[in-house]
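Dear colleague,

I am handing over the structure below, and my notes on it follow. Please read them alongside the coordinates.

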Amino acid sequence: MRGGEDMLRVESLRVQQGAFSLRADFEVAQGRRVAVIGPSGAGKSTLLGALGGYVDVADGRVHVGTRDVTNAAPDERDIAMLFQDGNLFPHLTLAQNVGLGLRPALRLSKAESDRVHQALRRVGLGDFAHRKPGDISGGQQSRAALARVLLQGKPLLLLDEPFAALGPALRVEMLELTSEVVRETGATLLMITHAPEDAEQAADDVIFVDDGRVHTPRAVADVMADPPEALRAYLGR
């Protein structure tokens, strides 16, 4: 594996959901940014859900760093996951929504509250701490959701198309922001996207998922220059 020790190691993983079966066996090195691409229904969200502890695993192991987290609860995996809807609570302020990333009961110390406001400033929402999600734009909501995930300080970050509902310009902006912050923190990123251009913009490697088969990560430039047959069909080449 290129560059550094493995942050994520997936060994002979199998997920069974009715007639659908997903299989994966791959490694991702520390600090890599990986785009997970493939057609709808291929198993991309199932893969991330299994890694994050939200989808049951039938066989195989998941290692994060030196830990086997196969049977660990989602909050015990050193993994932060950002879902498609962002999961912001409409009755809470942005500061409270972000603070949930530290303490679900929102009993924050002064130092923790300072960290919340630092996270909001990092994503450009320093002046919006006391606003509620309904009072800001969709792009700003995405920034707040990203701030909450980043505040957790986990070494592995999973993104399940959280920016898919944004317009092209805003999506590009959020991808750039995510890449910047991931580089700063040294976190490892797995990001689902349907857009190959997102992979080329914001990722080092690509994992292609097709009909329950998870391909081994490859460098973005290599994959796009010489895609495997199934990916070539998906890209329309």
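Asp205 lies in strand 9 (residues 205-210), where helices (H or I, at least four residues) and strands (E, at least two) are DSSP runs numbered from the N terminus. The model is predicted, so local features need pLDDT of at least 70 and side-chain atom pairs count only at pLDDT 80 or more, while totals for chains, interfaces and linings use all residues. Residues are numbered from 1 along each chain as its sequence is written, and side-chain values use heavy atoms, with hydrogens and water left out.

Asp205 counts as buried because its relative accessibility is 0%, buried meaning under 20% relative accessible area (1.4 Å probe, protein chains only). The side chain of Asp205 makes a polar contact of 2.9 Å with that of Arg32, the term standing for a pair of N or O atoms within 3.5 Å, of which, within protein, one must be able to donate a hydrogen and the other to accept it, and residues adjacent in sequence count only if both atoms are side-chain atoms.

In helix 5, the buried residues include Arg171, Met174 and Leu175, and the buried residues of this helix pack against elements including strand 3 (33-37), helix 3 (110-122) and strand 8 (188-192), with contact meaning heavy atoms within 4.5 Å. After helix 5 comes Gly186, with a positive phi near 80 degrees.

Overall, the protein chain has 8 helices and 11 strands, and 49% of its 237 residues count as buried. Its C-alpha atoms fill a box of roughly 50 × 40 × 35 Å along the principal axes.

How values were computed. Buried < 20%, exposed > 50% of the residue type's maximum accessible area, 1.4 Å probe, protein only.
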